[in-house]
Amino acid sequence: MKIDLLDTLREKNPIAFNISNFVTVQDVANGINALGASPIMSEEKNEAEAMVQMANSVTVNLGAFTEAQLNQIDTVTTFANQYDKPIVIDPVAVGAVSYRLERCNELLAQKKVAVIRGNAGEIAALAGVEWNAKGIDAGEGAGDLVDIAKKLAKKYQCTVVESGKTDIITNGDAVVKVFNESDLFKLHVGSGDMLSSTIGCFVGVEPDYFEAAQTATVIFDVAGEVVAKSMAKPLAGSFGPQLIDELHLIDTKTVEKYANFE
Amino acid sequence: MKIDLLDTLREKNPIAFNISNFVTVQDVANGINALGASPIMSEEKNEAEAMVQMANSVTVNLGAFTEAQLNQIDTVTTFANQYDKPIVIDPVAVGAVSYRLERCNELLAQKKVAVIRGNAGEIAALAGVEWNAKGIDAGEGAGDLVDIAKKLAKKYQCTVVESGKTDIITNGDAVVKVFNESDLFKLHVGSGDMLSSTIGCFVGVEPDYFEAAQTATVIFDVAGEVVAKSMAKPLAGSFGPQLIDELHLIDTKTVEKYANFE
Amino acid sequence: MKIDLLDTLREKNPIAFNISNFVTVQDVANGINALGASPIMSEEKNEAEAMVQMANSVTVNLGAFTEAQLNQIDTVTTFANQYDKPIVIDPVAVGAVSYRLERCNELLAQKKVAVIRGNAGEIAALAGVEWNAKGIDAGEGAGDLVDIAKKLAKKYQCTVVESGKTDIITNGDAVVKVFNESDLFKLHVGSGDMLSSTIGCFVGVEPDYFEAAQTATVIFDVAGEVVAKSMAKPLAGSFGPQLIDELHLIDTKTVEKYANFE
């Protein structure tokens, strides 16, 4: 685990291009900025090539898209592949809505992606495993979480981050489990989106995407855990700004002290 | 007043489909989630039917829409009527902008809605009563607030929640007034939208929409009052996250202790 | 410097129409509301004329636009000129993306604007001076910051606010420098957008736009500085809500006490 990628990130200050969903975009931008990268957002095809060229990575959140936005996602990811910029995909609710699953499957069939980050229901749906997802929530299923993540990683030869009580990161062979967690992540709507965009920041500075995804996940999970432990009561709303506080304040020493993974 | 609907809501965890305005969508999603329901948002017609089918209710905020979004609102509300899912309408600024009033009147003429939630200026405009609205604010008028709310409730055979210093809830005959309040609600732009989406959560678990609207309003108003009273100074910005904190922390005992209605 | 414009603003409660970017719109709306003006947002051409007529000023943020939105910006600014409502332009990232620069140059060539508010990279790009911008950040350049701002102000006969460590305000001849600052402004993604919309509030009550821009900048900068000084550590996330708190709490006495300009 390369925890010191955090210092690399802050030194290089990569540009993280995000196609974010409109629900959580402000938290995503502030999280990226607080961490030490530079967020840039755009919904316009005419600037897609320029944006991709200046960016170090592209994070695509499928949380809420119209047909026009799908079109833009197609354009942006095509340029990302062309200019060799790593793509992180967040397949929000593909486990619950077949239209989203179909569009996401099409995207993954056509483009080379670096990392897919989703909850169990979303990863299972993309891996083609039965699961009972519930809206934007993970839902419940019977399959083995590690097997499902590995299956998807192999299917697209990418890194998969399956988040939940334990976060599972795999390249299809090796598996890392991160145990740092907090119930507050689930209470805050943008948590998953912010984890995906944090991964987007790190794949922009570390060409080994499996390593980058691990570091990003541990840092993000530890930050959330530190915030949660500092609260006497679970503050579902204050968790948002305080998580952004901690993404700025956190250093490698804090991460090393609290990181709990295998 | 069925305060214990709060426990029912948390047990059933209904899916609250929201067509939210882009200004306040993040607060709305976090408020729903903190309270104990599951928010889902979408701007895409192709997934409208699936979204409505999985949802327990549909809340439509008319706060900022383009023609494309109006189209989607039409599709979503048609499906909601077809699948018998209750609709909550938040007619933002219909008192100030005639274009919005016309579109909202068309919508209400064509669809069966469960609840309309607006400020005095918005309710007056929909009821066809003269009023002097100011932008997104209520403005001032001479009519009797209860009469105006009743008139609108009768016109569309629905429940009306007219919010202001006192919140008035009526089904056209019976009237409940909720006196819990705080000036901070007006200082926080998303308060009205969050009240509407809170009502959306409760009509998803209680088929008597008049009851559901009362409970939702009392819980939301008490939550805001509790937050405001805990502040030494009126913190217009911190009120947002702290209101979301309280929507998660609040329980039936707290609501019963502070509820002030007749 | 007319600090007491703050009292005028709160007394007149102007309607500030904002075409805001989707990333920071919630903070912008809450900032305007907390300060004492009334925000209104719209993306719909059909209500553009009504919105402009009721508004006291129009602030156009070019932070993230699609072709459809550009179209709406064109419509809104045409009406603003027609009805003599002052326009504030925030040219986000025009220093980094040539597509944005071209669209902004077209807009400025066709419309009369009151104020342009941007960072050094954005102001340099519009002034036609070489600069090395980085994404949404200012980047670095060799030119004299005051000269660049003056050049742009003369080019369009408007007031220019060039924000950075020192904020420079000029009408092309006179120059005011505001030294109040905090690193937290850069850590919070919406700060620049909020400064622009604050200027939008003040040009709605003060016909001397150069004066209005100075007052807005000093008040906004002092508010941020007050918040930053109250923090033991730089809280990048909590700065957002607390800045909105302070925009509501701040009074002319506090501004006069801390204002640092020449």
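Let me start with a question: is Arg117(A) buried or exposed? Bear in mind that this is a predicted model. The relative accessibility of Arg117(A) is 5%. The cut-off for buried is under 20% relative accessible area, so Arg117(A) counts as buried. As for where it sits, Arg117(A) belongs to strand β5 of chain A, which covers residues 115-119.

Arg117(A) also comes with an annotation. UniProt, in an unreviewed entry, lists Arg117(A) and Ser163(A) under "binding site". These positions are spread over 47 residues of sequence, yet they cluster in space, with a largest C-alpha distance of 7.3 Å.

Next, the surface charge. There is a patch of negative charge on the surface, formed by Asp4(A), Asp7(A), Glu11(A), Asp251(A) and Glu256(A). I will take one of these, Asp7(A). Asp7(A) is part of helix α1 of chain A, residues 5-12.

Last, over to chain C. Glu262(C) is in the segment that follows α12, the helix at 252-258 of chain C. With a relative accessible area of 59%, Glu262(C) is exposed, since the exposed class begins over 50%. How far is the C-alpha atom of Glu262(C) from that of Asp84(C)? The separation is 31 Å, and along the chain the two residues are 178 residues apart.

That is what I have for today.

Definitions and conventions: Residues numbered from 1 in each chain as written. Chains lettered and ligands numbered in written order. Predicted model: local features only at pLDDT ≥ 70, side-chain atom pairs only at ≥ 80, totals over all residues. Heavy atoms only, no water. Patch = residues over 30% accessible without salt bridge, like charges linked within 9 Å, V, L, I, M, F, W, Y side chains within 5 Å. Areas by Shrake-Rupley, 256 points an atom, 1.4 Å probe, with all protein chains shown as cover. Salt bridge = Lys/Arg side-chain N within 4 Å of Asp/Glu carboxyl O. Lys, Arg positive; Asp, Glu negative; His and termini not counted. Charge placed at Lys NZ, Arg CZ, Asp CG, Glu CD. Helix = DSSP H or I, 4+ residues; strand = E, 2+ residues; numbered from the N terminus. UniProt positions renumbered as here; feature names shortened; annotations may be inferred. Buried < 20%, exposed > 50% of the residue type's maximum accessible area, 1.4 Å probe, protein only.
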